[in-house]
Amino acid sequence: YKEMAASKGKPFPFKHVWSILQTFDKWKLRDQETAPKKSAMLRMDDSEDEEERNLGKPEGTKKGKLRVKMEEEASSLREKMDHMMKAREELTTKTLEMKLLITDKKKEVKLAQVEAKREEAKRKTELEERMIKLKEAKVWKELMVEEKEHIMMSKKDMDQDQLQWWKDTKEDIAERKRMFRVASSTFRGDTPLSSCGDGGVYDSTGADGDA
């Protein structure tokens, strides 16, 4: 372009096109062209200058055909460049869409994993709560059996020390029941055992009477 007479003092207007075409073999080999081809390009440029000078003058048949041919070639080149630019834009758009699709898929997989972990934690918590309830029921049952056996114990032949032991043991069982209810209520916020009163077995003859 710089060697062309018509380009002197003018900037190259197709830099955006050259940034794409310079990697093609056709344009890499251009510097290896023989001198006649380059001189032919220069003569073509001189011919363009002459045509500009003769603008408005009647054209001969040969010059007219040459001009038409050059215009057709220029139009074909523009169409090819437009097609290349559109193809490049479409490729860029498709690449961006694919990246967005992959990102969305990753988000869906991550959300599914989080949800699976949440469900697993929920099932684990429910299982632990059931195990605690079973243990609480077992402890409560043992306390009730112990209390019943103690209350039903005969005190007729007990001396003062034995009676005192009986009373102390009864109070100890009652205290353990109370502590058990408090612990259960603290863990769950409330417990069905709290609605059952003391849950103990009372001696019909009185607290200190004989069974």
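Good morning. I begin with helix α4, in which Gly64, Met81, Glu136, Trp140, Leu143, Glu147, His150 and Ile151 are buried. Buried here means under 20% relative accessible area, exposed means over 50%, and partly exposed lies in between, with a 1.4 Å probe and protein chains only. Helices are DSSP runs of H or I with at least four residues, numbered from the N terminus.

The model is predicted, so local features need pLDDT of at least 70 and side-chain atom pairs count only at pLDDT 80 or more, while totals for chains, interfaces and linings use all residues. Residues are numbered from 1 along each chain as its sequence is written, and side-chain values use heavy atoms, with hydrogens and water left out.

Helix α4 covers residues 61-151. With 91 residues, α4 reaches 134 Å from its first C-alpha to its last, close to the 135 Å expected at 1.5 Å a residue. That expected span is 1.5 Å times one less than the number of residues in the helix.

I turn now to the charged pairs. A salt bridge is a side-chain nitrogen of Lys or Arg within 4 Å of a carboxyl oxygen of Asp or Glu. The count by this rule is six.

One of them joins the side chains of glutamate 120 and arginine 123, at 2.7 Å from N to O. Both residues lie in helix α4, three residues apart, about one turn of the helix. As a general point, an α-helix has 3.6 residues a turn, so residues three or four places apart point the same way. Glutamate 120 is partly exposed at 45%, and arginine 123 is partly exposed at 46%.

Which residue meets glutamate 146 in a salt bridge? The partner is arginine 176, again with 2.7 Å from N to O. This pair links distant parts of the chain, since glutamate 146 is in helix α4 and arginine 176 in helix α5 (residues 160-188), 30 residues apart. Glutamate 146 has a relative accessible area of 31% and is partly exposed; arginine 176, at 31%, is partly exposed as well.

Arginine 176 also forms a salt bridge with aspartate 172, whose closest N and O atoms are 3.1 Å apart. Those two residues both lie in helix α5, four residues apart. Aspartate 172 is partly exposed, at 38%.

To close, Glu146, Asp172 and Arg176 are linked in a network of salt bridges. Thank you.
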